[in-house]
Amino acid sequence: MQKSVNNLTDYGIIMSGKNMNRNKTYNVLPGTKMGLLSIEYLEKLTAIARKHDIPFFKITSAQRLAIVGHTPETAERIWQELGQKTGPKKPVGIHYIQACPGLKWCKYGRQDSLALGEKLEKAFGGLDLPAKTKVGVSGCPLNCCESYVRDIGIFGKKNGWTLVFGGNGGGCPRIGDIVAENLSDDEVLELIGKCLNFYRENARPMERTGRLMRRTQIDTFWEYIGVTGKSRY
């Protein structure tokens, strides 16, 4: 028997907002936990789309689901029907946690990316950071979640996790630095905490981790976090 979803935040909204496009209509972006959607949640979204004449949904690169093409008044009603009075407001911080199917659902998986993603959300989801911070968790070295170009990237190998910090795949691309390898879940969380503390203490307002690491002497970073990793630069 499938689990009934009474609280839509279990499958839906982590981070979101109202964005207006050039057609002067609005988009609601309910964040999903690592792209996971229940059948009940999809049915709810379908009913909302039919009720408000939504033209289509768009799956974003952040594994969020954009509900597009409606007025701001309709956006407020959609949030209410999704179980919220309005789109959530949160400080700048973890923008999303992207995760692949991992060990449980993929034949190439070496580590449980979905389970680690849940732990990351609980540990750092509400942390106030200098700028939006993107996380990619890949269950194997194929790196489907592009962990080398995320602010925080993690990918699995047979003997544990590899942690990458300071990557960016946008307008200022940068391959991140390998912080450590063969890590357990707890070791990953501990080192990410140290990396984010360094980021909070040294970044300029709205400065992404990649730009911070471009102007940071790598030995200063290694000394702060207490390990000596590998840098491509």
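Predicted model: local features only at pLDDT ≥ 70, side-chain atom pairs only at ≥ 80, totals over all residues.
Local features need pLDDT of at least 70, side-chain atom pairs count only at pLDDT 80 or more, and totals for chains, interfaces and linings use all residues. Residues are numbered from 1 along each chain as its sequence is written, and side-chain values use heavy atoms, with hydrogens and water left out.

View A. H7 spans residues 218–225; helices are DSSP runs of H or I with at least four residues, strands runs of E with at least two, numbered from the N terminus. Phe221, Trp222 and Ile225 are buried (under 20% relative accessible area, 1.4 Å probe, protein chains only). Down the axis of H7, the buried residues fall within an arc of 100°, so they line one face; the arc is that of the directions from the helix axis to the C-beta atoms. Asp219 and Glu223 are exposed on the face turned away (over 50%).

**View B. The cover over H7 and the residue after the helix.** Strands E8 (160–165) and E9 (177–183) are among the elements covering the buried residues of H7. Helices H5 (185–202) and H6 (209–214) also belong to this cover. Contact means heavy atoms within 4.5 Å. Gly226 follows H7, with a positive phi near 85°.

**View C. The crossing of H5 and H7.** The two axes come within 9 Å and cross at roughly 125°; axes are lines fitted to C-alpha atoms over the stretch in contact, with angles from 0 to 180 degrees between N-to-C directions. Leu191, Lys194, Cys195, Asn197, Phe198 and Glu201 of H5 meet Thr220, Phe221, Tyr224 and Ile225 of H7.
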